[in-house]
Amino acid sequence: MPAVSAASATPMENPAVRHRLVEVPGGRIHLAEQGTGPLVLLVHGFPESWYSWRHQLPALAAAGYHAVAVDVRGYGRSSKPADVAAYRMLAHVADNVGVVRALGAESAVVVGHDWGSPIAANSALLRPDVFTAVGMLSVPYSPRNGFRPSDAFGMLGGAEEFYVSYFQRPGRAEAEIEPDVRGWLAGFYAGLSADTMRPAGEESLFFVPEGAKLSDRFPGDRLPSWLTEADLDVYAGEFERSGLTGALNRYRNVDRDWEDLAPWDGAPVRQPSLFIGGTLDASTTWMAEAIAAYPTTLPGLISSHLLDGCGHWVQQERPDEVNGLLVEWLRTLPASPHRP
């Protein structure tokens, strides 16, 4: 078992949550954990941290699970390699395997949100020996296909630039975000939240006109109801210390992932699975065909839910509902080690 060392908690963190750093082959991963029992690994998305799972950790612990939320590499207190290629999907899968091993477990259920969803899905796809079930929040599973991602994204938006393309050049998005990390995060979170997003039909914040910034289309100064000033302080504090480059480097590997995952082109994820999305989340509307394809791409799907009137940050916008669905799903898993 790799060595572990203590990591200090910030004042905003729940004292019941334990923090530590674990050694994995690619560096160190910071994790927050609560409870004992079968291991459930929680993987966040952009631009977030382990803190995105603050409502799930106690709920899963109370239900009899060892809930572990990681800081994905590039985030928070986890390692931040300088090489852009170090943030390829294969590296994230290896980190997840390394965390399971560092915790002394043979297997785990993996659950991801936003970018964490494809990281979780690919962890299950590439390492079915370790990840026995997979839950995906907000971003539907879509197998690797024949279209190079950068080419596909380049065709979106007409004269405007799709946000994933906007993030590609190192330093460009950082120059927009890092002068006012807290303000940028507040606008981005609000822009994808059900109660603060711009009305349907207005210009989309996912597209950037020439010479503009992504934040030019963020909504006003009101925080979404799920996000307190204290919560925003936690997120901003993490990114003010770490910068945004590691987080953005995930986007800068979409073509590299496409090349790496060629052997799994069109491959289904066969383990028992769960999907939870929001009806007001662009991920579920843009990728409606991916959800419709679940009988083929997720043959082990146990339950799929679209939460009416919910935005992108599902486990924070609707924590009680998501917690109930997660626990209900976990208790249906056929493998006895996942029944507390």
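## Terms and model

Buried means under 20% relative accessible area, exposed means over 50%, and partly exposed lies in between (1.4 Å probe, protein chains only). Helices (H or I, at least four residues) and strands (E, at least two) are DSSP runs numbered from the N terminus.

This is a predicted model, in which local features need pLDDT of at least 70 and side-chain atom pairs count only at pLDDT 80 or more, while totals for chains, interfaces and linings use all residues. Residues are numbered from 1 along each chain as its sequence is written, and side-chain values use heavy atoms, with hydrogens and water left out.

## Helix 7

Helix 7 spans residues 181–191. Nine of its eleven residues are buried, so the helix is largely enclosed by the rest of the structure. The buried residues are Val-181, Trp-184, Leu-185, Ala-186, Gly-187, Phe-188, Tyr-189, Ala-190 and Gly-191. Their cover includes helix 6 (172–177) and helix 8 (229–242).

## Backbone exceptions in loops

Most residues other than glycine have a negative phi, and most peptide bonds are trans.

Pro-47 sits in the loop between strand 4 (39–43) and helix 1 (56–62).

Asp-114 counts as buried because its relative accessibility is 10%.

Ser-138 lies in the loop between strand 7 (131–137) and helix 4 (149–154). With 0% relative accessibility, Ser-138 counts as buried.

Technical notes: Contact means heavy atoms within 4.5 Å.
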